[in-house]
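Here is a short briefing to read alongside the sequence and the coordinates. Please have both open as you go through the points.

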Amino acid sequence: MHGSRTTTACVVITMSFTLAACSGGDDHTDARRTTRAEPTTTAPSVTEPTTTSPTTTSANFAASVDAVTADDLPSTYREGCPVPPEALRRVHVSFWGFDGSAHEGNLVVAADVTDDVVTVFRQLFDERFPIRSITPEDAFGGSDPDSMAADNTSAFNCRDAVAAGPPQWSEHAFGRAVDVNPLENPYVFEGTAQPSAGASFLDRAAVRPGMAVPGGPLVEAFQAVGWEWGGAWDGSPDYQHFSPSGG
């Protein structure tokens, strides 16, 4: 989106933390988003990771930021998207899985929000907030329903939002939105959970690991960098969705 062209990019940030006790809390998207068809994949168990991520060798948080090209985004980018690949970055971060182990993942975001994203995931690592997997939606052929069904945390995907009138871009098309733990934090569209397996998490008062809740570590981490939570929206709460613009 804003970001200048770069030929090299790799900023590595390594930090150590005193790990806090595990606590719950998290979010999703608004009624303007693309209507999500029911996923064709089998929904994963909420107690076991569905995506194997390499386990880190220590309990230290690590992050790095790399440039991306169109070749790195075969399913999520196409000509005519609102931002070019050079305005995007791949952010590698450490995270704690539901298995209690440290893992590594990556997501693609706008170049101008990389500091926010690193800060958020550093805080979540410090809090030992559990995340199922963090993988760009290219691993799912650009299918948001399939990524959600896998309980995958992701960001950039060049797709439309749902709104009256002419089509308009989703904030994900700008790399300025992150969806976290979609199964534990479903999008509620016309009273139906998406993904469908997220229906068991529509009772937000029954707080379980990985959920976004007011005052919880996930919501607070994003709010600390000025991002808004879709779970606070009326009508169609999107519990997994965070964006600096709220859209």
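This is a predicted model: local features need pLDDT of at least 70, side-chain atom pairs count only at pLDDT 80 or more; totals for chains, interfaces and linings use all residues.

**Helix H3 and its cover**
- Helix H3 spans residues 217-224, and its buried residues are Pro 217, Leu 218, Val 219, Ala 221 and Phe 222.
- In an α-helix, residues three or four places apart point the same way, because there are 3.6 residues a turn.
- Just after H3, you will find Gly 226 with a positive phi of about 85°.

**A cis peptide bond**
- Most peptide bonds are trans.
- The bond between Gln 194 and Pro 195 is cis, with omega at about 5°.
- Pro 195 belongs to the loop that runs between strand S11 (192-194) and H3.

- A negative phi is what most residues other than glycine have.
- Asn 181 has a positive phi, near 45°, and sits in the loop between S9 and strand S10 (187-189).
- Is Asn 181 buried or exposed? Asn 181 counts as buried because its relative accessibility is 0%.
- Glu 190 also has a positive phi, near 50°, and is placed in the loop between S10 and S11.
- With a relative accessible area of 68%, Glu 190 is exposed, whereas Asn 181 is buried.

Technical notes:
Residues are numbered from 1 along each chain as its sequence is written. Side-chain values use heavy atoms; hydrogens and water are left out. Buried means under 20% relative accessible area, exposed over 50%, partly exposed in between (1.4 Å probe, protein chains only). Helices (H or I, at least four residues) and strands (E, at least two) are DSSP runs, numbered from the N terminus.
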